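Let's take a walk through this structure together, one spot at a time. Have the sequence and the 3D view ready, and follow along.

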Amino acid sequence: MAIPLLPFRILVFVLSCMPFALLVLDIVTGSLGPDPGQTVTEALGLSALQLMIATLFITPLARWTHWSGWIKVRRMLGLFAFFYASLHLMAFLQFILGWGDLWATFTKRPYIIFGSLAFLLLIPLAATSTKAMMRRLGRQWKPLHRLVYPAVALVWLHFLFQARSDITEMVVYGLVVAFLLGVRGYWFGWRSLVPLRIPKRA
Ligand code: HEM
């Protein structure tokens with residue numbers, strides 16, 4: 001498949017910016033509904049999860065289409081996921097619970113504990129996403145970046161535990177995440193899902 005890389009990268013960049021741009025538009029036009037803080041927080045959280053899922057789709061897409069161009073946008077997607085997750089966290093503190101007693105805030109409810117743990121796992125991934133860090137970490141880079149698997153599972157639990165009545169959406173996201181982890185385990189072995197495990201040298 002001969003798709004030129006630069007326009008593809010630009011397209012992925014523009015698509016990743018869209019949720020943010022649409023949110024800004026809703027803020028400017030005052031179309032956020034009766035609880036703007038809640039709407040903003042939820043929209044940012046959902047975008048973060050969707051971008052994490054998009055990141056996990058890269059390897060299967062590259063395999064199915066035999067096109068390595070997908071791999072070239074994985075870091076961008078991962079960083080956008082982190083960007084939306086950070087804004088989601090800030091929106092939560094700013095609009096919902098305040099910046100007061102942070103320890104009490106983050107240990108309050110199970111869904112917040114799951115979200116906080118997921119966010120903590122995303123920090124080293126974002127911090128080590130540069131080429132220089134890849135070089136510095138060498139063989140340790142891949143096992144470290146497998147933290148994305150427990151992170152996405154924690155995000156899903158975070159999503160599930162804050163559900164009020166209808167859990168259809170959570171079930172659909174759960175099936176997609178399970179499918180992606182399953183495909184990976186099937187192709188590369190279940191051990192490839194275990195983070196921080198450095199393979200022995202042959
Ligand atoms: C310290 C970390 C986090 C906190 C405090 C937090 C807080 C929240 C809150 C307050 C909500 C709205 C719950 C409600 O509707 O009442 C929410 C929803 C959500 N969060 Fe988080 N979150 C955190 C981390 C994350 C991360 C890391 C992700 C994804 C990468 C994420 C994804 C989501 C999703 C998908 C929703 C559901 C949005 C919807 O209902 O459409 N959260 N979170």
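Let's begin at Ile 113, which, leaving aside its neighbours within four places in sequence, is in contact with Phe 106 and Thr 107; contact means heavy atoms within 4.5 Å. Before going on, note that this is a predicted model, where local features need pLDDT of at least 70, side-chain atom pairs count only at pLDDT 80 or more, and totals for chains, interfaces and linings use all residues. Residues are numbered from 1 along each chain as its sequence is written, and side-chain values use heavy atoms, with hydrogens and water left out.

Back to Ile 113: you'll find it in helix 5. Helices here are DSSP runs (H or I, at least four residues), numbered from the N terminus. With a relative accessible area of 35%, Ile 113 is partly exposed, a label that sits between buried, under 20%, and exposed, over 50% (1.4 Å probe, protein chains only). Asp 35 is 78 residues from Ile 113 in sequence, and the two are 23 Å apart in space, C-alpha to C-alpha.

The largest nonpolar core has 44 residues, and Leu 49, Met 52 and Val 73 have the most contacts inside it. Such a core is a set of buried Ala, Val, Leu, Ile, Met, Phe, Trp, Tyr and Cys residues joined through side-chain atoms within 4.5 Å. Helix 1, helix 2 (36–65), helix 3, helix 5 (110–127), helix 8 (148–161) and helix 9 each give two or more residues to this core, and helix 2 has the largest share, with 10 residues. As for Met 52, leaving aside its neighbours within four places in sequence, its contacts include Ala 81, Leu 122 and Val 155.

How do helix 1 and helix 3 sit together? The axes of helix 1 (residues 5–28) and helix 3 (residues 74–97) come within 11 Å and cross at roughly 10°. Helix 1 and helix 3 are therefore roughly parallel to each other, a term for angles under 35 degrees. Among the residues making this contact are Arg 9 and Phe 13 of helix 1 and Phe 80 and Tyr 84 of helix 3.

Last stop: Ser 192, in the segment after helix 9 (168–188). Ser 192 has 8% relative accessibility, so it counts as buried. Its side chain reaches the backbone oxygen of Gly 189 at 2.7 Å. Leaving aside its neighbours within four places in sequence, Ser 192 is also in contact with Arg 146, Tyr 149 and Arg 184.

Note on methods
Axes are lines fitted to C-alpha atoms, for helices over the stretch in contact, and angles run from 0 to 180 degrees between N-to-C directions. Angles under 35 degrees count as roughly parallel, over 145 as roughly antiparallel, 65 to 115 as roughly perpendicular and the rest as oblique. A polar contact is a pair of N or O atoms within 3.5 Å; within protein, one must be able to donate a hydrogen and the other to accept it, and residues adjacent in sequence count only if both atoms are side-chain atoms.
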